[in-house]
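Here are my notes on the model you sent. Please read them with the structure open.

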Amino acid sequence: MKHVAVLMGGWSAEREVSLSSGEACVEALKRCGYTVSAVDVTQNIAAVLEQIKPDVCFNALHGRYGEDGLIQGVLEIMGIPYTHSGVLASSLAMDKPVAKTLFAAVGIRCAEGRIFTRKEIMDGASYPKPFVIKPLNEGSSVGVTILLENENRSLVDIPWTFGSEVLIETYIPGREIQVAVMGDHALGAVEIRPLGRFYDYEAKYTSGKAEHLVPAPLPNDRYEEVLELALRAHQALGCRGVSRTDFRFNDTGDGSGDFYILETNTQPGMTALSLVPGIAANSGIGFEELVRWMVEDASCDR
Ligand SMILES: Nc1ncnc2c1ncn2[C@@H]1O[C@H](COP(=O)(O)OP(=O)(O)O)[C@@H](O)[C@H]1O
Ligand SMILES: [Mg+2]
(Lines give C-alpha, C1' and ligand atoms only; values in the text may rest on other atoms or scores of the structure.)
(Ligands and ions follow the chains in the order given, each with its own letter.)
Protein backbone atom coordinates (compact mmCIF):
# COMPACT_ATOMS: atom_id res chain seq x y z
CA MET A 1 0.00 0.00 0.00
CA LYS A 2 1.09 3.53 -0.72
CA HIS A 3 2.72 5.71 1.90
CA VAL A 4 0.64 8.90 2.13
CA ALA A 5 1.87 12.06 3.86
CA VAL A 6 -1.08 14.20 4.95
CA LEU A 7 0.02 17.85 4.84
CA MET A 8 -1.89 19.90 7.40
CA GLY A 9 -1.75 22.84 9.75
CA GLY A 10 0.74 25.29 8.33
CA TRP A 11 0.73 28.92 9.38
CA SER A 12 -2.14 30.50 7.44
CA ALA A 13 -5.17 32.09 9.11
CA GLU A 14 -6.92 28.75 8.51
CA ARG A 15 -4.42 26.63 10.45
CA GLU A 16 -7.00 25.24 12.90
CA VAL A 17 -9.44 24.30 10.15
CA SER A 18 -6.65 22.53 8.30
CA LEU A 19 -5.71 20.55 11.39
CA SER A 20 -9.32 19.32 11.65
CA SER A 21 -9.43 18.43 7.95
CA GLY A 22 -6.07 16.71 8.23
CA GLU A 23 -6.95 14.65 11.28
CA ALA A 24 -10.19 13.41 9.69
CA CYS A 25 -8.29 12.43 6.52
CA VAL A 26 -5.45 10.72 8.44
CA GLU A 27 -7.94 8.50 10.24
CA ALA A 28 -9.90 7.66 7.08
CA LEU A 29 -6.73 6.91 5.08
CA LYS A 30 -5.54 4.56 7.82
CA ARG A 31 -8.88 2.76 7.69
CA CYS A 32 -8.33 2.39 3.92
CA GLY A 33 -5.08 0.55 4.67
CA TYR A 34 -2.55 3.19 3.58
CA THR A 35 0.62 3.85 5.54
CA VAL A 36 0.00 7.39 6.76
CA SER A 37 2.29 10.13 8.08
CA ALA A 38 0.63 13.24 9.53
CA VAL A 39 2.81 16.25 8.76
CA ASP A 40 2.26 19.64 10.40
CA VAL A 41 3.74 21.84 7.70
CA THR A 42 6.51 24.35 8.52
CA GLN A 43 9.00 26.17 6.32
CA ASN A 44 11.16 23.07 6.67
CA ILE A 45 8.66 20.94 4.69
CA ALA A 46 11.06 19.96 1.87
CA ALA A 47 13.57 18.48 4.34
CA VAL A 48 10.80 16.60 6.17
CA LEU A 49 9.46 15.08 2.93
CA GLU A 50 12.99 14.23 1.80
CA GLN A 51 13.32 12.20 4.95
CA ILE A 52 9.97 10.39 5.04
CA LYS A 53 9.81 9.86 1.24
CA PRO A 54 6.02 9.47 0.77
CA ASP A 55 4.55 8.08 -2.47
CA VAL A 56 1.79 10.70 -2.40
CA CYS A 57 1.08 13.92 -0.50
CA PHE A 58 -2.52 14.40 0.58
CA ASN A 59 -2.91 18.16 0.73
CA ALA A 60 -5.19 19.06 3.66
CA LEU A 61 -3.89 22.62 3.93
CA HIS A 62 -6.18 25.64 3.61
CA GLY A 63 -5.33 29.24 2.89
CA ARG A 64 -2.03 30.83 2.04
CA TYR A 65 0.97 28.66 1.15
CA GLY A 66 -1.22 25.54 1.03
CA GLU A 67 -4.03 26.54 -1.30
CA ASP A 68 -2.34 29.16 -3.49
CA GLY A 69 0.15 27.15 -5.53
CA LEU A 70 3.16 27.54 -3.25
CA ILE A 71 3.22 24.11 -1.58
CA GLN A 72 2.20 22.68 -4.94
CA GLY A 73 5.39 24.22 -6.41
CA VAL A 74 7.55 22.52 -3.78
CA LEU A 75 5.88 19.15 -4.54
CA GLU A 76 6.38 19.67 -8.29
CA ILE A 77 10.07 20.34 -7.75
CA MET A 78 10.39 17.27 -5.55
CA GLY A 79 8.37 15.15 -8.02
CA ILE A 80 5.87 13.93 -5.39
CA PRO A 81 2.31 13.42 -6.73
CA TYR A 82 -0.25 15.39 -4.70
CA THR A 83 -4.02 15.65 -4.38
CA HIS A 84 -6.22 18.54 -5.60
CA SER A 85 -5.27 21.30 -8.05
CA GLY A 86 -1.83 22.11 -9.42
CA VAL A 87 0.27 25.27 -9.22
CA LEU A 88 -1.47 27.57 -11.69
CA ALA A 89 -5.08 26.58 -10.92
CA SER A 90 -4.48 26.94 -7.17
CA SER A 91 -2.91 30.30 -7.60
CA LEU A 92 -5.62 31.62 -9.96
CA ALA A 93 -8.44 30.39 -7.72
CA MET A 94 -6.92 31.92 -4.59
CA ASP A 95 -6.87 35.40 -6.07
CA LYS A 96 -10.57 36.28 -6.09
CA PRO A 97 -10.41 39.22 -8.54
CA VAL A 98 -8.28 37.23 -11.03
CA ALA A 99 -10.58 34.21 -10.73
CA LYS A 100 -13.59 36.44 -11.36
CA THR A 101 -12.16 37.69 -14.66
CA LEU A 102 -11.77 34.06 -15.76
CA PHE A 103 -15.30 33.17 -14.64
CA ALA A 104 -16.71 36.15 -16.52
CA ALA A 105 -14.75 35.13 -19.62
CA VAL A 106 -16.57 31.76 -19.71
CA GLY A 107 -19.94 33.40 -19.17
CA ILE A 108 -20.49 32.86 -15.44
CA ARG A 109 -22.23 35.73 -13.66
CA CYS A 110 -20.14 37.36 -10.91
CA ALA A 111 -21.11 39.94 -8.29
CA GLU A 112 -20.14 43.42 -9.40
CA GLY A 113 -17.25 44.86 -7.50
CA ARG A 114 -13.80 46.38 -7.60
CA ILE A 115 -10.48 46.49 -5.85
CA PHE A 116 -9.78 49.45 -3.55
CA THR A 117 -6.39 50.40 -2.17
CA ARG A 118 -6.04 51.21 1.47
CA LYS A 119 -5.18 54.77 0.50
CA GLU A 120 -8.42 55.20 -1.48
CA ILE A 121 -10.45 54.02 1.50
CA MET A 122 -8.55 56.27 3.93
CA ASP A 123 -9.15 59.16 1.53
CA GLY A 124 -12.90 58.57 1.86
CA ALA A 125 -13.74 56.39 -1.16
CA SER A 126 -17.30 55.12 -1.05
CA TYR A 127 -19.30 52.21 -2.48
CA PRO A 128 -23.10 51.99 -2.51
CA LYS A 129 -24.58 49.82 0.24
CA PRO A 130 -25.33 46.98 0.60
CA PHE A 131 -21.83 45.61 -0.04
CA VAL A 132 -19.39 42.97 1.06
CA ILE A 133 -15.79 43.79 1.81
CA LYS A 134 -13.29 40.94 1.73
CA PRO A 135 -9.61 40.13 1.41
CA LEU A 136 -8.32 39.32 -2.08
CA ASN A 137 -6.92 35.96 -1.00
CA GLU A 138 -8.18 34.49 2.25
CA GLY A 139 -10.74 31.78 2.91
CA SER A 140 -13.14 30.56 5.63
CA SER A 141 -14.83 34.00 5.62
CA VAL A 142 -11.75 35.40 7.40
CA GLY A 143 -11.99 39.19 7.14
CA VAL A 144 -15.36 39.18 5.32
CA THR A 145 -17.70 41.99 6.46
CA ILE A 146 -21.17 42.77 5.10
CA LEU A 147 -22.62 46.26 5.35
CA LEU A 148 -26.35 46.34 4.74
CA GLU A 149 -28.36 49.43 3.75
CA ASN A 150 -29.68 50.18 7.21
CA GLU A 151 -26.30 50.33 8.89
CA ASN A 152 -24.62 53.38 10.32
CA ARG A 153 -21.14 52.03 9.85
CA SER A 154 -19.30 52.97 6.69
CA LEU A 155 -16.12 51.88 4.97
CA VAL A 156 -13.71 53.77 7.20
CA ASP A 157 -15.21 52.17 10.32
CA ILE A 158 -14.17 48.67 9.29
CA PRO A 159 -10.89 47.70 10.96
CA TRP A 160 -8.23 47.40 8.25
CA THR A 161 -6.84 43.85 8.21
CA PHE A 162 -6.49 43.47 4.47
CA GLY A 163 -2.92 44.33 3.46
CA SER A 164 -2.62 46.98 0.74
CA GLU A 165 -5.80 46.20 -1.22
CA VAL A 166 -9.32 44.94 -0.62
CA LEU A 167 -12.20 43.63 -2.75
CA ILE A 168 -15.61 45.26 -2.41
CA GLU A 169 -18.61 43.54 -4.00
CA THR A 170 -22.25 44.39 -4.30
CA TYR A 171 -24.19 42.29 -1.80
CA ILE A 172 -26.27 39.58 -3.48
CA PRO A 173 -29.36 38.87 -1.40
CA GLY A 174 -30.77 35.37 -1.41
CA ARG A 175 -29.60 31.85 -0.87
CA GLU A 176 -26.21 30.23 -0.40
CA ILE A 177 -25.56 27.28 -2.78
CA GLN A 178 -22.29 25.36 -3.00
CA VAL A 179 -21.34 22.68 -5.51
CA ALA A 180 -18.75 19.91 -5.25
CA VAL A 181 -16.82 18.83 -8.34
CA MET A 182 -14.92 15.56 -8.41
CA GLY A 183 -12.71 14.98 -11.44
CA ASP A 184 -14.72 15.66 -14.56
CA HIS A 185 -18.19 15.83 -13.10
CA ALA A 186 -20.18 17.86 -10.61
CA LEU A 187 -21.27 15.66 -7.70
CA GLY A 188 -24.10 17.71 -6.28
CA ALA A 189 -25.11 20.92 -4.54
CA VAL A 190 -25.80 21.86 -0.95
CA GLU A 191 -27.79 24.82 0.33
CA ILE A 192 -26.51 26.42 3.51
CA ARG A 193 -28.87 28.28 5.78
CA PRO A 194 -26.81 30.10 8.37
CA LEU A 195 -28.74 30.69 11.55
CA GLY A 196 -26.84 33.91 12.26
CA ARG A 197 -26.28 36.93 10.08
CA PHE A 198 -24.25 35.28 7.33
CA TYR A 199 -22.07 32.28 6.60
CA ASP A 200 -19.15 33.52 8.68
CA TYR A 201 -16.25 31.66 10.30
CA GLU A 202 -18.33 30.66 13.30
CA ALA A 203 -21.19 29.32 11.18
CA LYS A 204 -18.70 27.35 9.10
CA TYR A 205 -17.01 25.55 11.95
CA THR A 206 -19.49 25.34 14.83
CA SER A 207 -21.92 22.48 14.84
CA GLY A 208 -25.52 23.71 14.73
CA LYS A 209 -24.75 27.25 13.50
CA ALA A 210 -25.87 26.51 9.96
CA GLU A 211 -28.28 24.12 8.37
CA HIS A 212 -26.98 22.06 5.42
CA LEU A 213 -29.59 20.89 2.93
CA VAL A 214 -28.32 18.15 0.60
CA PRO A 215 -29.32 18.04 -2.17
CA ALA A 216 -30.06 21.77 -2.36
CA PRO A 217 -33.85 22.19 -2.71
CA LEU A 218 -33.93 23.75 -6.18
CA PRO A 219 -36.14 23.00 -9.18
CA ASN A 220 -34.47 20.27 -11.29
CA ASP A 221 -33.45 22.54 -14.15
CA ARG A 222 -31.90 25.12 -11.79
CA TYR A 223 -30.08 22.34 -9.91
CA GLU A 224 -28.58 21.06 -13.16
CA GLU A 225 -27.70 24.62 -14.15
CA VAL A 226 -25.70 25.36 -11.01
CA LEU A 227 -23.88 22.02 -11.30
CA GLU A 228 -22.92 22.89 -14.86
CA LEU A 229 -21.69 26.36 -13.78
CA ALA A 230 -19.46 24.82 -11.09
CA LEU A 231 -17.94 22.35 -13.54
CA ARG A 232 -17.34 25.19 -15.99
CA ALA A 233 -15.63 27.24 -13.24
CA HIS A 234 -13.47 24.26 -12.20
CA GLN A 235 -12.42 23.75 -15.80
CA ALA A 236 -11.87 27.46 -16.55
CA LEU A 237 -9.31 27.60 -13.73
CA GLY A 238 -7.78 24.27 -14.79
CA CYS A 239 -8.57 22.58 -11.46
CA ARG A 240 -7.84 18.95 -10.75
CA GLY A 241 -9.36 16.44 -8.31
CA VAL A 242 -11.96 17.84 -5.96
CA SER A 243 -13.07 21.47 -5.72
CA ARG A 244 -16.06 23.34 -4.27
CA THR A 245 -17.62 26.39 -5.87
CA ASP A 246 -19.66 28.89 -3.85
CA PHE A 247 -22.66 30.71 -5.29
CA ARG A 248 -25.35 33.15 -4.23
CA PHE A 249 -28.81 32.58 -5.73
CA ASN A 250 -31.03 35.64 -5.69
CA ASP A 251 -34.14 33.52 -5.68
CA THR A 252 -37.32 35.36 -6.50
CA GLY A 253 -39.37 32.71 -4.72
CA ASP A 254 -40.71 30.90 -7.78
CA GLY A 255 -37.45 29.18 -8.74
CA SER A 256 -36.33 31.96 -11.06
CA GLY A 257 -33.40 34.23 -10.24
CA ASP A 258 -29.71 34.18 -11.08
CA PHE A 259 -26.72 32.31 -9.76
CA TYR A 260 -23.73 34.50 -8.93
CA ILE A 261 -20.41 32.77 -8.45
CA LEU A 262 -18.40 33.89 -5.41
CA GLU A 263 -15.34 31.69 -5.66
CA THR A 264 -13.93 28.24 -6.34
CA ASN A 265 -12.15 26.57 -3.42
CA THR A 266 -9.35 24.29 -4.58
CA GLN A 267 -8.81 22.92 -1.04
CA PRO A 268 -12.35 22.56 0.30
CA GLY A 269 -12.83 21.60 3.95
CA MET A 270 -12.60 17.91 4.79
CA THR A 271 -13.83 17.96 8.39
CA ALA A 272 -16.77 15.91 9.61
CA LEU A 273 -19.00 19.00 9.23
CA SER A 274 -17.66 19.88 5.80
CA LEU A 275 -19.74 20.27 2.69
CA VAL A 276 -17.92 18.21 0.08
CA PRO A 277 -17.98 15.04 2.21
CA GLY A 278 -21.68 15.72 2.84
CA ILE A 279 -22.43 16.08 -0.87
CA ALA A 280 -20.34 12.99 -1.67
CA ALA A 281 -22.19 10.94 0.96
CA ASN A 282 -25.49 11.99 -0.56
CA SER A 283 -24.37 10.59 -3.90
CA GLY A 284 -23.30 7.32 -2.31
CA ILE A 285 -19.58 8.08 -1.86
CA GLY A 286 -18.51 7.62 1.76
CA PHE A 287 -15.65 9.56 3.36
CA GLU A 288 -13.17 6.71 2.98
CA GLU A 289 -14.02 6.17 -0.65
CA LEU A 290 -13.64 9.92 -1.23
CA VAL A 291 -10.14 10.16 0.28
CA ARG A 292 -9.09 6.95 -1.47
CA TRP A 293 -10.22 8.40 -4.80
CA MET A 294 -8.21 11.56 -4.07
CA VAL A 295 -5.03 9.60 -3.32
CA GLU A 296 -5.37 7.47 -6.46
CA ASP A 297 -6.09 10.61 -8.54
CA ALA A 298 -3.02 12.46 -7.19
CA SER A 299 -0.48 13.69 -9.73
CA CYS A 300 2.02 16.40 -10.61
CA ASP A 301 1.32 19.04 -13.27
CA ARG A 302 4.16 17.68 -15.41
N1 LIG B 1 -21.21 39.46 -2.93
C2 LIG B 1 -21.74 38.78 -1.90
N3 LIG B 1 -23.08 38.86 -1.64
C4 LIG B 1 -23.62 38.20 -0.58
N5 LIG B 1 -22.91 37.47 0.30
C6 LIG B 1 -21.58 37.36 0.10
C7 LIG B 1 -20.92 37.99 -0.99
N8 LIG B 1 -19.60 37.71 -0.91
C9 LIG B 1 -19.44 36.94 0.17
N10 LIG B 1 -20.62 36.72 0.79
C11 LIG B 1 -20.83 35.91 2.03
O12 LIG B 1 -19.57 35.70 2.67
C13 LIG B 1 -19.21 34.31 2.64
C14 LIG B 1 -17.71 34.17 2.35
O15 LIG B 1 -17.39 34.78 1.13
P16 LIG B 1 -16.46 34.09 0.03
O17 LIG B 1 -16.34 35.03 -1.13
O18 LIG B 1 -16.95 32.72 -0.30
O19 LIG B 1 -15.04 34.05 0.76
P20 LIG B 1 -14.27 32.92 1.61
O21 LIG B 1 -13.09 32.58 0.75
O22 LIG B 1 -13.88 33.58 2.88
O23 LIG B 1 -15.21 31.75 1.77
C24 LIG B 1 -20.07 33.69 1.55
O25 LIG B 1 -20.26 32.31 1.76
C26 LIG B 1 -21.35 34.53 1.66
O27 LIG B 1 -22.15 34.09 2.75
MG1 LIG C 1 -16.37 30.78 0.34
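**Notes on the predicted model**

1. Start with the ligand. The shell around ligand 1 takes at least three residues from each of domain 2 (93-109 + 174-297) and domain 3 (113-170). The domain bounds come from an automatic or database domain assignment. This is a predicted model: local features need pLDDT of at least 70, side-chain atom pairs count only at pLDDT 80 or more, and totals for chains, interfaces and linings use all residues. Residues are numbered from 1 along each chain as its sequence is written, and chains are lettered from A and ligands numbered from 1 in the order in which they are written.

2. Which residues come nearest to ligand 1? They are Ala111, Gly139, Glu169, Ile172 and Tyr199, out of 19 residues around the ligand. A residue is near a molecule if its C-beta atom, placed from the backbone, lies within 6 Å of it. The elements giving two or more residues to this shell are β5 (131-134), β11 (242-249) and β12 (259-265). Helices (H or I, at least four residues) and strands (E, at least two) are DSSP runs, numbered from the N terminus.

3. By class, the shell around ligand 1 has nine nonpolar, three polar and seven charged residues. Ala, Val, Leu, Ile, Met, Phe, Trp, Tyr, Cys and Pro count as nonpolar; Asp, Glu, Lys and Arg as charged; the others, Gly among them, as polar.

4. Next, a sheet. Four strands form an open, antiparallel sheet in the order β4-β7-β5-β6. β4 (113-117) and β6 (145-147) are the edge strands, each with a single partner, so one side of each has no neighbour in the sheet. Two strands pair if DSSP finds at least two bridges between them. β5 and β7 (residues 165-170) pair in the antiparallel sense over four bridges. Val132 stands opposite Glu169 in β7. Glu169 is also among the residues that come nearest to ligand 1.

5. Now domain 1 (3-84). In the contact between them, 22 residues of domain 1 meet 18 of domain 2. Contact requires C-beta atoms, placed from the backbone, within 7 Å.

6. What supplies the largest share of the side of domain 1 that touches domain 2? α1 does, with nine residues. That side divides into 12 nonpolar, seven polar and three charged residues.

7. Last, the overall picture. The protein has 10 helices and 12 strands. Its C-alpha atoms fill a box of roughly 60 × 45 × 35 Å, taken along the principal axes.

Note on methods
Two residues are in contact if their C-beta atoms, placed from the backbone, lie within 7 Å.
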